[in-house]
Amino acid sequence: MKCQLIVLYYSRHGTTRALAQQIARGIESIPHCEALLRTVEDFSSHNSTLHDPLITLDELKNCHGLAMGSPVWFGNMAAPLKHLWDQTSALWVAGDLIDKPACVFTSSSSLHGGQETTLQTMKLPLFHHGMLVMGIPYSNPELHTTQTGGTPYGASHVSHSGQHGLSEDEKTLAKQLGKRLATTAFKLFKE
């Protein structure tokens, strides 16, 4: 049986999904670990194309770890992702997520557009569920040199005008976060 980690995201324009894919690559670079890309239903008037399956509460309950990502929406996670957490009371009461490792990631259209507050506020439901929340340590040299996304709170992407896709630093930091999550989850999974 593989150690299964969910990479849960909401993405309207594709950049948060691109980060999710890099985190999944990092997870799957660790032997015996599998990344499951999942998204949430978009209930806004904007019709985004779903590329990955919708998360179920059973998948969340049974995962060995979680990476969660959202675009910055006024310094907070997007409403469809928050809506999911508002439905997890039964998991909270049962303690189903206690001691499972977790991390967060985000994307914004500007460098100071609220990435760090979004990363911080996404961690709140994870703390309430008793998860072991982790970030990116400064032992990753790209964290010192990035001119785009990347924070110690989690992986991030900045969509500068004219820039298409993730920068090399953003890709590396997202993969490293996935590796760290998978390594931690696998150690706990083996116990």
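**View 1. The largest pocket holds about 220 Å³ of space.** The model is predicted: local features need pLDDT of at least 70, side-chain atom pairs count only at pLDDT 80 or more, and totals for chains, interfaces and linings use all residues. Residues are numbered from 1 along each chain as its sequence is written, and side-chain values use heavy atoms, with hydrogens and water left out. A pocket is an open set of points, on a 1 Å grid over the protein atoms alone, where a 1.4 Å probe fits and protein lies on both sides within 12 Å along at least five of seven lines; lining residues have an atom within 4 Å of a point. Its volume is the space filled by probe spheres set on the points, which are joined across faces, edges and corners. The lining includes Ser 11, Arg 12, His 13, Thr 15 and Thr 16. Pro 71, Val 72, Trp 73, Ser 107, Ser 108, Ser 109 and Ser 159 also belong to the lining. By type, the lining residues are 3 nonpolar, 8 polar and 1 charged (Ala, Val, Leu, Ile, Met, Phe, Trp, Tyr, Cys and Pro count as nonpolar, Asp, Glu, Lys and Arg as charged, and the others, Gly among them, as polar). Helix H1 (15–28) and strand E4 (101–108) each give at least two residues to this lining. Helices (H or I, at least four residues) and strands (E, at least two) are DSSP runs, numbered from the N terminus.

**View 2. Strands E1 and E2 run parallel and are joined by 7 bridges.** Two strands pair if DSSP finds at least two bridges between them. Strand E1 covers residues 3–9, and its Tyr 9 has Thr 39 of E2 as bridge partner. Together with H1, the two strands make a right-handed β-α-β unit; right-handed here means that, with the strands pointing away from the viewer, the path from the first strand over the helix to the second runs clockwise. In E2, 6 of the 7 residues are buried, so the strand is largely enclosed by the rest of the structure. Buried means under 20% relative accessible area, exposed over 50%, and partly exposed in between (1.4 Å probe, protein chains only).

**View 3. Arg 38 and Glu 59 form a salt bridge.** Their closest N and O atoms are 2.9 Å apart. Arg 38 lies in strand E2 (residues 33–39) and Glu 59 in helix H2 (residues 57–62), so the pair ties together parts 21 residues apart in sequence. Arg 38 is buried at 14% relative accessible area, while Glu 59 is partly exposed at 22%. A salt bridge is a side-chain nitrogen of Lys or Arg within 4 Å of a carboxyl oxygen of Asp or Glu, and the whole structure has 4 of them.

View 4. Glu 168 is exposed at 55% relative accessibility, and Lys 171 is partly exposed at 26%.

**View 5. Phe 74 has a positive phi of about 55° although it is not a glycine.** Most residues other than glycine have a negative phi. Phe 74 sits in the loop between strand E3 (65–71) and helix H3 (79–85) and is exposed, at 89% relative accessibility. His 32, in the loop between H1 and E2, also has a positive phi, near 70°.
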